[in-house]
Every structure is written in structure tokens, then in C-alpha cells.
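I opened my notebook today to look around a new protein model. Here is what I looked up, in the order I looked.

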Amino acid sequence: MWFWLIEEVESIRRFLGMGGDVLVAIFFLTLLMWALLLERWIYFLTIYPQQARGTQQTWLARSDHGSWSAKQIRRELVSRVALAVDKGMPVIKVLIALCPLMGLLGTVVGMVQVFDTLAITGTGSPRAMASGISKATIPTMAGMVASLSGLFFASRLEHKGRLAVDKLEDSLKHG
């Protein structure tokens with residue numbers, strides 16, 4: 001019953017072993033990035049609607065909607081929600097930028113291994129250099145794939161957040 005899970009974990013372990021320590025670092029960066037992205041999606045599905053309703057109720061409970069101070073209070077209410085919507089996005093963006101950089105580090109580490117092999121053997125034996133070349137290319141590919149997948153979902157989250165804040169601000173103007 002659990003054989004397929006053990007098999008999948010083993011294939012992930014083999015893949016991480018092929019890319020060296022840098023690939024393991026990319027793996028954990030990617031897990032962290034996806035945990036934060038998932039947290040943001042859950043926020044938009046569960047917490048944001050309640051927060052928006054509470055903000056609208058706070059605004060509608062006021063008798064004054066047109067004075068300068070009322071407009072400042074509206075700005076403050078919208079700003080609170082905007083801060084909550086953007087929470088964690090800078091960290092996600094840093095992780096997205098860090099993944100390909102870690103992949104490039106893996107390239108350098110793998111190429112150093114290739115040059116070490118050349119220095120030790122003194123020949124250009126393709127078999128001796130193959131493991132270093134794979135350690136150079138696999139982390140680069142993994143870093144780019146992780147970054148691109150995170151970039152797509154982060155941009156969707158940012159767009160969703162901007163729309164949500166704009167919609168909330170418009171609903172408070174007419175309140």
C-alpha cells in the first residue's frame with residue numbers, strides 16, 4: 001500500500017544526490033517558497049473575506065463619510081488590509097530570486113569538480129568528468145524550474161491582492 005510513497009521518496013533522494021548539496025539547498029528553498037505561497041492562497045480563501053467584511057462594517061458604522069478626517073480613516077482602513085494582503089510577498093520574491101542564484105552556485109561547484117577531476121587524472125576522460133557536469137547542470141535546471149513556478153503563482157497572488165484592495169477601496173467610497 002505504501003510502496004508507491006517509498007518509491008517516490010527514494011527517487012527524490014536519488015535526484016537530490018545527483019545534484020549535490022546545492023540541490024538540497026534549492027529543494028528546501030523551494031519548499032519554503034511553496035509553503036509561503038500556499039499560506040497566501042489560504043489567506044485569500046479564508047481570512048481575507050472576513051477581513052474585508054469587517055472593514056466594510058467598520059466604515060458603514062460611521063455616520064460621517066465625507067469629511068477630511070473620514071477620508072483619512074478610510075485610507076487607514078484600506079492600508080491595514082493592503083498590508084495584510086502583501087504580508088509575506090517580499091520574502092516570496094526573495095526566494096524566487098534566490099533559486100536561480102543557487103542554481104548558478106551549483107554550476108560553479110560542479111565545474112570546480114570537473115576541473116579537480118582534470119587536475120587529478122590529467123586527461124579529458126568524459127567518464128571522469130560526467131559526474132561533475134551533471135552536478136553543474138542539474139542544480140541550474142532545478143533552480144530555474146523552481147523560480148519560474150514560484151514566479152507565476154506569486155504574480156497571480158499580487159494581481160489578486162491588488163484587485164482585492166482596489167475593490168475594497170471602491171466599496172468604501174460608496175458606503
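In which helix does Arg 74 lie? I found Arg 74 in helix α2, residues 68–86. Helices here are DSSP runs of H or I with at least four residues, strands are E runs of at least two, and both are numbered from the N terminus.

A note on ground rules before going on. The model is predicted, so I keep in mind that local features need pLDDT of at least 70 and side-chain atom pairs count only at pLDDT 80 or more, while totals for chains, interfaces and linings use all residues. Residues are numbered from 1 along each chain as its sequence is written, and side-chain values use heavy atoms, with hydrogens and water left out.

**Entry: Arg 74.** Is Arg 74 buried or exposed? Arg 74 counts as buried because its relative accessibility is 13%. (Buried means under 20% relative accessible area, exposed over 50%, and partly exposed in between, with a 1.4 Å probe and protein chains only.) I then listed its contacts, leaving aside neighbours within four places in sequence: Trp 59, Glu 169, Leu 172 and Lys 173. Contact means heavy atoms within 4.5 Å. Arg 74 and Glu 169 are 95 residues apart in sequence, yet their C-alpha atoms are 8.1 Å apart in space.

**Entry: the whole chain.** I counted four helices and zero strands. From the N terminus on, the order is α-α-α-α. The C-alpha atoms fill a box of roughly 85 × 45 × 15 Å along the principal axes.

**Entry: helix α1.** Helix α1 covers residues 3–60, and its end C-alpha atoms span only 57 Å, whereas a straight helix of 58 residues would span 86 Å at 1.5 Å a residue. (The expected span is 1.5 Å times one less than the number of residues.) I also found a kink of about 125° in α1, centred on Gly 20. The bend at a residue is the angle between axes fitted to the seven residues ending there and the seven starting there.

Thr 30 also has its place in α1. Thr 30 is buried, with a relative accessible area of 17%. Beyond four places in sequence, Thr 30 is in contact with Cys 99 and Ala 146.

**Entry: the core.** The largest nonpolar core has 33 residues, and Phe 44, Tyr 48 and Val 85 have the most contacts inside it. The largest share of this core, 12 residues, comes from α1. (A nonpolar core is a set of buried Ala, Val, Leu, Ile, Met, Phe, Trp, Tyr and Cys residues joined through side-chain atoms within 4.5 Å.) Among the contacts of Tyr 48 beyond four places in sequence, I noted Val 81, Val 85 and Leu 168.
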